[in-house]
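Let's walk through this one together, question by question. Have the structure open beside you as you read.

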Amino acid sequence: MDIVCAIKMNKNYLIMLVGLVFAFTIVSAFGISSSYFEGNPLVLGPGESKDVSLALQNNIGDKDLSFTASVSDGDSGIAKIINKKDKYKVPFGTENTAIDLRVSIPNTALIGTEYSVSVNLNQVRDTEGGMLEVSGNIMKTFPVLVGEVVEAETGKNTLLIIVILISILAIILIIGYLIFRKKK
Amino acid sequence: MKEVKIKKNIFIAVFMVLLIGGGVIFTSANLLNDFANKLTGTGKATSGSANVNVQVGNSAPSIFLVQFSPVINPNENNYRIAYISFQAEDMNGIINLNFSSAKIIVSKSGDVTKTSSCVNVNNITSKIANFSCSVNLWYFETAGNDWNINVSISDLVNLPLIGTKENSSNSFTYSELTAMVFAPLSMNWSAIEVTDVDTLSTSNPMLINNTGNDNITLGNIKMNATDLEGEDFAGEYIYAGNFTINVANSCNTGTFMNNGVTLNITNAQLSKGNHSINDGSTGQEQLYFCLEAINDDISAQTYSTTAGGPWTLSVQ
């Protein structure tokens, strides 16, 4: 893209002529997806940690795109980008470029505490000589909720405990019975 | 007599040991868990057994092994095909299954319901057939972890909806995609006099389409502006503060920019929706740039964002 400015004096007024000569890129398009979002928070217990991937998409247009990425978590320090790159290159037609985050909840976090983690994705554009060029930025935010560490096997564990208790009870009964018989 | 008592004690001891040992083996081999699963239906999330109806002379089909991806990501500006498969069993043989009745219903409560037929892809045994189903999920459809899957098949006896499988384990998460496309990438003005005011860009409007399923609400479309610096005489500027951005095609309203500061564009929002409707609001927003005025002490030359860097349109 190029701009032509011309000048001419006319009744002491400065006239600037600005015109578009050529455009290189037509649109800017990209996206970032997350399986955690408002209404579907990442739930972790105190002291727990989980790696989360956010996927970048570049399915519109015909250009490969580049981005810088940063994370913000409201100074809580619970999230960081792992294997961070200076630039994330997203080839056209792909959607598997990932920004990997590690979310770690402090041991001291209280149940019910909700954090907010944001990934700031900033498009890196080569200048094309336009007068007022615009690049794109997406900030993807998802909630992190501190919850009880849920044992998925809770119901089964209860049954196991019952069996173990019955076994112990049986052992006690055997020992008692044998002692009773011996005394008799 | 004593020998009998000893044998009795040994018998009791052996019985108790067997009882304990059996319990331990039963427990350690997870047999109890399996048994509990069968009772409570808390087995694998992606498979299960369906209701079984009984009719004299005919065995109703049952459905199991419903398989699908638990998380599906939307496809930017397009649809994503969700593939779901299941197996149907008929004790009278698969010849008794009504293949054309196999169907899938994918729904999000209060939002959308999608129905599609399924195809028989292969037969596992003479009594078990494998079916494959697919549903198109569009980029603008609502994110959620409660997308329900309902697969069903009937047998040729024409019992209605026999073997319908629907429970909480058959649901998937449709991720949230924040995505946009905007154009043009460069805003220009045709002719500007230093005394001119309220000059709208000839490139207006900048059209933003929401190509994901994230609702971009008021206050979440922002612009970070930079001063436009002279390309021949550096140090001379058209200041960012001379520009406004508005959702209407007019000047003097909207948001005045500020160099290096990210500001909300007043009244701008980008709802999720099918932007191909192209009504200017469904999945769309339009921004109008205005050069309100120019300092009269600057030279006539090219001014651009080349030195200061491009403005940044941000959605969140």
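Q: Which residue of β11(A) does Leu42(A) stand opposite?
A: This is a predicted model, in which local features need pLDDT of at least 70, side-chain atom pairs count only at pLDDT 80 or more, and totals for chains, interfaces and linings use all residues. Residues are numbered from 1 along each chain as its sequence is written, while chains are lettered from A and ligands numbered from 1 in the order in which they are written. Strands here are DSSP runs of E with at least two residues, numbered from the N terminus, and two strands pair if DSSP finds at least two bridges between them. Strand β4 (residues 42-44) of chain A is joined to β11(A) in the parallel sense by three bridges, and the residue opposite Leu42(A) is Val144(A).

Q: Which residue of β11(A) is the bridge partner of Asn120(A)?
A: Strand β10 (residues 114-123) of chain A runs antiparallel to β11(A), with nine bridges between them. Within β11(A), Asn120(A) has as its bridge partner Met139(A).

Q: In β24(B), what is the bridge partner of Gly136(A)?
A: β11(A) also pairs with strands of chain B. Two bridges link β11(A) to strand β12 (residues 186-187) of chain B in an antiparallel run, and there Glu133(A) faces Ser186(B). With strand β24 (residues 311-315) of chain B, β11(A) pairs in the parallel sense over five bridges; the partner of Gly136(A) in β24(B) is Leu313(B).

Q: How many of the 15 residues of strand β11 of chain A are buried?
A: A residue counts as buried if 20 or more other C-beta atoms, placed from the backbone, lie within 10 Å of its own. Strand β11 (residues 132-146) of chain A is largely enclosed by the rest of the structure, because the number of its 15 residues that are buried is twelve.

Q: Why is one side of β18 and of β23 of chain B left without a neighbour in the sheet?
A: Three strands of chain B make an open antiparallel sheet in the order β18-β17-β23. Strand β17 (residues 228-230) is joined to β23(B) by two bridges, with Gly230(B) opposite Tyr303(B). One side of β18 (237-238) and of β23 (303-304) lacks a neighbour because each stands at an edge, with a single partner strand.

Q: How many residues of domain 1 of chain B are in contact with domain 2 of chain B?
A: Chain B is assigned domain 1 (44-174) and domain 2 (180-315), with bounds from an automatic or database domain assignment. Contact means C-beta atoms, placed from the backbone, within 7 Å. Domain 2 contributes eight residues, and the number from domain 1 is eight.

Terms used:
Helix = DSSP H or I, 4+ residues; strand = E, 2+ residues; numbered from the N terminus. Contact = placed C-beta atoms within 7 Å.
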